[in-house]
Amino acid sequence: MSLGDILFGAFALPFMGRALLVLVVLSVVAGIVGVLVNLRGLEFISDGLTHAVFPGLAIGLAVGGTAGLVPGAAIAALIGAVLLTLFVRAGVTSDAAVAVVLTATFSVGVIVVSRSDDYAGELEALLFGRVLTIAPDDVVPLLVVSLVAALAVGATLKQQLFRAFDPQGSRAAGDRGLALDLVLNASIALVVVAGASTVGTLLVLALLIVPGASARLATVRLWWLFPIAAAVGAISAWLGLAVGYGASVGAGVDLPAGSTVVAVFVVVYALMLGTRVVRDRIVGRPATPAWSSGPVASSRRTDGARAGER
């Protein structure tokens, strides 16, 4: 099997083509949303939302089969996003709010799944994804969920950035903090929904966090973070699927597709980190962006919810 067959020919297969389409769109959107997550210091809240979708997945699967996964996860994720936003704004620390939502929702999901006849199989699919078995009817809902998240963030991007850097200034300018927080958390939740239905709830956080973190290694220009994160996500998703296909078909090594994709995301980040370290040593000092010492940096040293303070 040639390299061209692995990188391009594999996606002529219908199931590989569906996986590539969904994962590339999802990874691009996750990269864009992930930049805001990184700037706002919301990684832990994002982790809580990844677990909040689990009962929705379980209930959706129990009620409507695979067709119920996306609607069930979307409802659960949006409820989780609203609860986390309200908890934080009510004065509950983000760590405590995430812990409450995470443990409550995950336990409900396990209870629901345990009632099925194929407990182990369904639990594995929900935790580790089913990217290579995405049904044709599931492609459009997953793309719609991803694109709605992208549109929501795109429509409020300037306000989101202003709020990330200067919450007080954003409020003084007339921005509604609660509305912006709900939009961002809902967008994160929708990305998690699409990701949980592909790479699984345990691995979806990588799609949301790694591209944005990689972009911050590559540039000191704020607006370049978004296209770089999107490019890192799309290329990593493509290479991850290709590597998994090549190993399974060409080498006879059966690799789980979702885990392979996530591993490639991490490898790409490690390569960019190594390149950054070498470059900084050659230059003699790190290239620190002007905005890294501003309100964003200080807010990340405190509670991630400080960006959402009233």
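**A predicted model: contacts, pairs and helices**

Trainee: Leaving aside its neighbours within four places in sequence, which residues is T156 in contact with?

Mentor: The model is a predicted one. Neighbours of T156 within four places in sequence are set aside here. The residues in contact with T156 are then L180 and V183.

Trainee: Where is the place of T156, and is T156 buried or exposed?

Mentor: T156 has its place in the loop between helix 7 (136-155) and helix 8 (157-165). The relative accessibility of T156 is 15%. Buried means under 20% relative accessible area. Because 15% falls under that cut-off, T156 counts as buried.

Trainee: How many helices and how many strands does the protein have?

Mentor: Read along the sequence, the pattern is α-α-α-α-α-α-α-α-α-α-α-α-α-α. The count for the protein is 14 helices and zero strands.

Trainee: What percentage of the residues in the protein is buried?

Mentor: The protein has 310 residues. A residue is buried when its relative accessible area is under 20%. The share of buried residues is 51%.

Trainee: Where is F15 found, and what is its relative accessible area?

Mentor: F15 is found in helix 2. F15 is partly exposed, a class that lies between the cut-offs of 20% and 50%. The relative accessible area of F15 is 32%.

Trainee: At roughly what angle do the axes of helix 3 and helix 4 cross?

Mentor: Helix 3 covers residues 43-64 and helix 4 covers residues 69-89. Their axes come within 7 Å, and helix 3 passes helix 4 in a right-handed crossing. The angle of the crossing is roughly 145°.

Trainee: How many residues of the contact of helix 3 with helix 4 are nonpolar, polar and charged?

Mentor: From helix 3 the contact includes I45, L49 and G56, and from helix 4 it includes L69, G72 and V88. Gly counts as polar here. The residues of the contact divide into 13 nonpolar, four polar and no charged.

Trainee: How many aromatic pairs does the structure hold, and why is the pair of F8 and W238 tilted?

Mentor: The structure holds two aromatic pairs. In one of them, the ring centres of F8 and W238 are 5.7 Å apart and the planes stand at 40°. Planes under 30 degrees apart count as stacked and those over 60 as edge-to-face. Because 40° falls between these cut-offs, the pair is tilted.

Trainee: How many residues apart in sequence are the parts that F8 and W238 tie together?

Mentor: F8 is exposed at 57% relative accessible area, whereas W238 is partly exposed at 25%. F8 lies in the loop between helix 1 (3-7) and helix 2 (14-40), and W238 lies in helix 12 (residues 225-250). The parts that the pair ties together are therefore apart in sequence by 230 residues.

Trainee: In the tilted pair of W223 and F226, which residue is buried?

Mentor: The rings of W223 and F226 are 5.9 Å apart centre to centre, with 35° between the planes. W223 counts as partly exposed at 48% relative accessibility. With a relative accessibility of 7%, the buried residue is F226.

Trainee: How many salt bridges does the structure hold?

Mentor: Side chains of opposite charge can pair when their charged atoms come close. One example is R130 with D138, whose closest N and O atoms are 3.4 Å apart; R130 and D138 are both buried. The number of salt bridges in the structure is five.

Definitions and conventions:
Residues are numbered from 1 along each chain as its sequence is written. This is a predicted model: local features need pLDDT of at least 70, side-chain atom pairs count only at pLDDT 80 or more; totals for chains, interfaces and linings use all residues. Side-chain values use heavy atoms; hydrogens and water are left out. Axes are lines fitted to C-alpha atoms, for helices over the stretch in contact, and angles run from 0 to 180 degrees between N-to-C directions. Helices (H or I, at least four residues) and strands (E, at least two) are DSSP runs, numbered from the N terminus. A crossing is left-handed if the near helix is turned anticlockwise from the far one by less than a right angle, and right-handed if clockwise. Contact means heavy atoms within 4.5 Å. Buried means under 20% relative accessible area, exposed over 50%, partly exposed in between (1.4 Å probe, protein chains only). Rings of Phe, Tyr and Trp (its six-membered ring) pair if their centres lie within 6.5 Å; planes under 30 degrees apart count as stacked, over 60 as edge-to-face and the rest as tilted. A salt bridge is a side-chain nitrogen of Lys or Arg within 4 Å of a carboxyl oxygen of Asp or Glu.
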